[in-house]
Amino acid sequence: MTDWTKEQNEAIVSRGSNLLISAAAGSGKTAVLVERIVRLVVDDKIDIDKLLIVTFTKAAAGEMRERIALKIAEELEVNGSDKEHIRKQLTLLNRANISTLHAFCMNVVKSHFHFIGIDPSFRMADTTESMLMKIEALDEVFEEFYEEGDRCFLQLVDSYGGSIDDNKLQEMVMKVYNFSMSQPEPIKWVSEKIKMFDIDKNDLSENIWIETIVKSSKINLIGALAQLEEAKQIANSPNGPDPYLLAIEDDIEITKLLLCKLESGFEIFVDTLRDVKQKRLSSASKDYDEVLKENVKELRNKAKDIIKELKEGLTANTISDYVNDFKYILPIMNSLLQVIQAFDERFKQKKSENGILDFNDLEHYT
């Protein structure tokens, strides 16, 4: 019998919750997983064909099936009390779901093709074939939008296309489309993201853009405060440049005030940030340790740069300016959604005409 470590044994016998097992290469992850599966089958009396076991590669799936078969066969030698159940598992092993994720999806889709309205004789598109169809579909969609001459679409091209052609915009459409395919409902996901541009001043504090800025600003200010506290400690140390303390302590108070205002609201924070003025460091004579002086200056300058970048980035425009920017870009983003939606439909049509699916189709149809 294998002498499992405490952690390995916990991974084998734990029940009733999700588990995430992380371990280095060659540490026995596969052996632990095989043992867990066998214990579920033998001890918990779960039939092997009721489990879904997926791997990254076909080779790994084949190895997994072989190792499970060997372990179950070994159980016949040591477990005499329930040989009938164990023999049944060896029979069921032939139809057990031990495969790559996409092989499992393929099996589900082919078994239930009539629910999703596809030809059961479909084949899988290779990468080159799929990419060529995507390019063709995208070119056709862009040509149709150009012919319609929609104002928002032309603004989209002006905003995100290049100076010579629209290749940059086409690349952007493809990137958004490809990323959205990782979502259960891709077009719905894109639509929800674009609705984030539909804001007004009243709901600004609840908008995800502002929430992101607030979180980022808080992290940066906490970092600045830590650097200033360290600078203060060095300035206070023996032979440290204590003449610098006046400016550093003032910086600490400013940073704490900004953190406090950030909790009070984004607009209040920006207004406070706009009025921030930081003192110059007082001069320190050569009697102080030069290394300590440089350390304090470096830490203080890093903290100052953080506040300076926040000030330059957030106070250049008023809140109303930002809201107006969102209002301007919203119809352009809606046009982007229409292009992605049209491309998705055209690409699906081309795949259907050729009787093919890609890996994204397998996942979504499953």
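Visitor: Is Asp344 buried or exposed, and what is its relative accessible area?

Guide: Asp344 is buried, with a relative accessible area of 6%. Buried means under 20%, exposed over 50%, and partly exposed in between, using a 1.4 Å probe and protein chains only. The model is predicted: local features need pLDDT of at least 70, side-chain atom pairs count only at pLDDT 80 or more, and totals for chains, interfaces and linings use all residues. Residues are numbered from 1 along each chain as its sequence is written, and side-chain values use heavy atoms, without hydrogens and water.

Asp344 sits in helix α15, residues 319-353. Helices are DSSP runs of H or I with at least four residues, strands are E runs with at least two, and numbering starts from the N terminus. Leaving out residues up to four places away in sequence, Asp344 touches Tyr177, Met181 and Ile187. Contact means heavy atoms within 4.5 Å.

Follow Ile187. Helix α10 (residues 186-195) buries Ile187, along with Pro186, Val190 and Ile194. They span an arc of only 95° around the axis, so they lie on the same side of α10. The arc is taken from the directions from helix axis to C-beta atoms. These buried residues pack against α9 (167-180), α15 and α16.

Now α16, residues 359-365. It is among the elements covering the buried residues of α5, as are β1 (52-55), β2 (97-100), α6 (113-116) and β4 (356-357). In α5 (residues 101-111), Phe104, Cys105 and Val109 are buried. Their arc is within 130°, so they line one face of the helix.
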